[in-house]
Amino acid sequence: MKTLLTAMVASAAVLAAATSHADERLLIGSTSSSSSHYSYFVAVNQIINNQVEGISSSVAETGATVDNLRRLGRNQIDMGLVATNTGYHAYAGEEDFEGRPVDNRLLWVYTVAPQNTVMRQDAGVETFADLNGVRFNPGITGSATEKTTEAVMRTLGIEPDYVRGSTTDMVDAMKDGRVMGSVKSGVGERLDGSSMDIATFTPISVLSLDQEQADALRNEMPDVAIVDVPEGAAEGIPAYTTWAFGVAVHAHPDMDEETAYQIVKAVMENPEPQVNAFAAMQDADMAKMTLEVGTVPLHAGAARYFEEQGHDIPDTLQPVQ
């Protein structure tokens, strides 16, 4: 009897070990644990572990986009947070990844950051062309916004008189008229808090790209998206067109297609935990954002899910081998 019991226990242990080894383990690269984006990835991790059979995932605190892309390139993580513009740079071997491309695939975009060109109304600047020679802040010093704004202006042949500084510096400078305008990332389809702070003291406007400018950026800057922001980004602000980049989840190209499919399906069909963790996602259409703002090819599993839902995949996002 004792021998039979021992054999049964041993068999159960072997079966448990086999089952354990059958689970696929994934590591998700996120960002600093102090960021609201980290909370978002904790929510995604819970969705995967609760909803995707055979997958066990965990979240790693990382240095965000560039760090995650480099970790993907070294096979140290399976998926993670990536800003869409930098994801394109890595894929194409440009900017920080010049000569050292990192193959990566898009799973989904969870928030979009329109780049809003906020002006003092008394600056007399009504179009982007009017910015030539105007004292203007392209974004917080060292930020992706600053770097992207400068590239946009070069592409459009516009030469503002750039003024550098922190958000606090630029808010104060715009309030007292030392700077006429600044570019700041929006929060969804709303202006950010610093722009609203300026608006409480000084009437503001937001510049809009014209059709020719929008087409030029689409053709010459594939690392950014062109988005239409509806009326109401702030009180009295009409609809406008601007450039944007998204914050997305990218994966290693070797991730199994079925795994990617099941993860994307689970995330798309369980929005509530994500909204609870990251309020900017309230009422967000992740599929729409992904297909409009993504900059690198979709993972084949992600593309399969979106196609099953009736979405057309843009040529630039079609999966590649």
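1. Helices (H or I, at least four residues) and strands (E, at least two) are DSSP runs, numbered from the N terminus. The expected span of a helix is 1.5 Å times one less than its number of residues. Helix H2 covers residues 36-51, which is 16 residues. From its first C-alpha to its last it reaches 23 Å, close to the 22 Å expected at 1.5 Å a residue.

2. A word on the source. This is a predicted model, in which local features need pLDDT of at least 70 and side-chain atom pairs count only at pLDDT 80 or more, while totals for chains, interfaces and linings use all residues. Residues are numbered from 1 along each chain as its sequence is written, and side-chain values use heavy atoms, with hydrogens and water left out.

3. Back to H2. Its buried residues (under 20% relative accessible area; exposed is over 50%, partly exposed in between; 1.4 Å probe, protein chains only) include His37, Tyr40, Phe41, Val44 and Ile48. An α-helix has 3.6 residues a turn, so residues three or four places apart point the same way. Ser35 caps the N-terminal end of H2. A side-chain oxygen of Ser35 lies 3.0 Å from the backbone nitrogen of His37.

4. Which strands pair with S7? Two strands pair if DSSP finds at least two bridges between them. Strand S4 (residues 105-120) and S7 pair in the antiparallel sense over 5 bridges. Strand S5 (residues 135-137) runs parallel to S7, and 2 bridges join them. Here Asn137 has Ser182 of S7 as its bridge partner. S7 (residues 181-185) is largely enclosed by the rest of the structure, because 4 of its 5 residues are buried.

5. Strand S9 (225-229) is also mostly covered, with 4 of its 5 residues buried. S9 and S10 run antiparallel and are joined by 5 bridges. Val227 has Thr242 of S10 as its bridge partner.

6. Next, the pockets. On a 1 Å grid over the protein atoms alone, a pocket is an open set of points where a 1.4 Å probe fits, with protein on both sides within 12 Å along at least five of seven lines; lining residues have an atom within 4 Å of a point. Grid points are joined across faces, edges and corners, and a volume is the space filled by probe spheres set on the points. The largest pocket has a volume of about 870 Å³. It is lined by 42 residues, and those closest to its centre are Asn85, Ser143, Ala144, Thr145 and Phe245. Helix H5 (144-156) gives the most to this lining, with 7 residues.

7. The second largest pocket has a volume of about 490 Å³. Among its 20 lining residues, Val112, Gly188, Glu189, Lys288 and Met289 lie nearest its centre. S4, S9 and helix H11 (286-293) each supply at least two residues of this lining.

8. Where does Asp210 lie? Asp210 is in the loop between strand S8 (204-206) and helix H8 (211-220). It counts as partly exposed because its relative accessibility is 39%. Asp210 and Tyr240 are 30 residues apart in sequence and 9.2 Å apart in space, C-alpha to C-alpha. The side chain of Asp210 reaches the backbone nitrogen of Glu212 at 3.2 Å. A polar atom of that side chain also lies 2.7 Å from the backbone nitrogen of Gln213.

Note on methods:
A polar contact is a pair of N or O atoms within 3.5 Å; within protein, one must be able to donate a hydrogen and the other to accept it, and residues adjacent in sequence count only if both atoms are side-chain atoms.
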